[in-house]
Amino acid sequence: MKLYLKIVLGSVNVTLLNEEERFKYKDEYERFKLVVTSIILILSFLNVVSAYRSLDAILHFLLVWYYCTLTIRESILVVNGSRIKGWWRLHHFIATLLTGVLILWHDGESYQLFRTQFMLYSCYSSFVQFLQYNYQQGCLYRLRALGERHNMDITVDGFHSWMWRGLKFLLPFLIIGYAWQLFNAYTLYKIAVQFQGVEWQVPAAAFIFFLLFSGNSLTTAKLVHHKLNLKDMILRKLQ
């Protein structure tokens, strides 16, 4: 993380000196995600009901900036004690790559075939992020009060072990989102097959959407499987 920050920011000291500054930065990170997600949801909805290329460009630029900023902010949080690791951290780097590919895709026939589907997906993804934020904030508040979570832990994408309580609420929304990523990959693959010599962005985006689907699904399935086995083991010991 320090190497990544040094490449992006140069020789800047990103270590916050006291706990108060760390908590303040963590809270600003959470508000940043909530505000930008709200803007993304609004722009995505406007793009569903309208067809202005300028609005498309604004949304794509915002998505690139948002995910780039998240990777930097999360790296700073890791340096200062947040425990963000594994696939869910890599997820934002891959999402940055995806948005970078989409912003380079010019407004042609192939783009228009995928445009509405992507805007609807963006709406749904933003909605699920709202659900995640509210649910995870509640989980973290309770677990911190019980002394079971670190004070610098934050809300992040996907399903996590500390969210096990109330699983039935959030997991179906996440599964629908993962299935939509697979559908996006399939749609882009069909477009690439339909148009010979299609723009390189089409197969590239198809591959990245499939990568996101695979990583999200496998990581969540592995965690759920582990938790179910652990629960069965505990029940057998109690019998």
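Colleague: Which ring does the charged end of R73 sit over?

Modeller: Please note that this is a predicted model. The charged end of R73 lies over the ring of F32, at 4.2 Å from the ring's centre. In a second case, R53 is placed over the face of Y111, 4.6 Å from the centre of that ring.

Colleague: How many aromatic pairs are there?

Modeller: Rings are paired when their centres lie within 6.5 Å. The count by this rule is 14 aromatic pairs. One of them joins Y124 and F127: their centres are 6.4 Å apart and their planes meet at 50 degrees, so this pair is tilted. Both residues belong to helix 5 (residues 109–145), where they are three residues apart, about one turn of the helix.

Colleague: Is Y124 buried or exposed?

Modeller: Y124 is buried, its relative accessible area being 15%. F127, in turn, is partly exposed, with a value of 38%.

Colleague: How is the pair of Y124 and W180 to be read?

Modeller: The ring centres of Y124 and W180 are 5.6 Å apart, and the planes stand at 35 degrees, so this pair is tilted. Y124 lies in helix 5 whereas W180 lies in helix 6 (residues 167–194), so the pair ties together parts that are 56 residues apart in sequence.

Colleague: Which residues do ring pairs link into a cluster?

Modeller: The cluster linked by ring pairs consists of W105, Y111, F114, F118, Y121, Y124, F127, F173, W180 and F209. Y111, a member of this cluster, is the residue whose ring face lies under R53.

Conventions:
Residues numbered from 1 in each chain as written. Predicted model: local features only at pLDDT ≥ 70, side-chain atom pairs only at ≥ 80, totals over all residues. Heavy atoms only, no water. Phe/Tyr/Trp six-rings, centres within 6.5 Å; stacked < 30°, edge-to-face > 60°. Helix = DSSP H or I, 4+ residues; strand = E, 2+ residues; numbered from the N terminus. Buried < 20%, exposed > 50% of the residue type's maximum accessible area, 1.4 Å probe, protein only. Lys NZ or Arg CZ within 6 Å of the ring centre and 35° of its normal.
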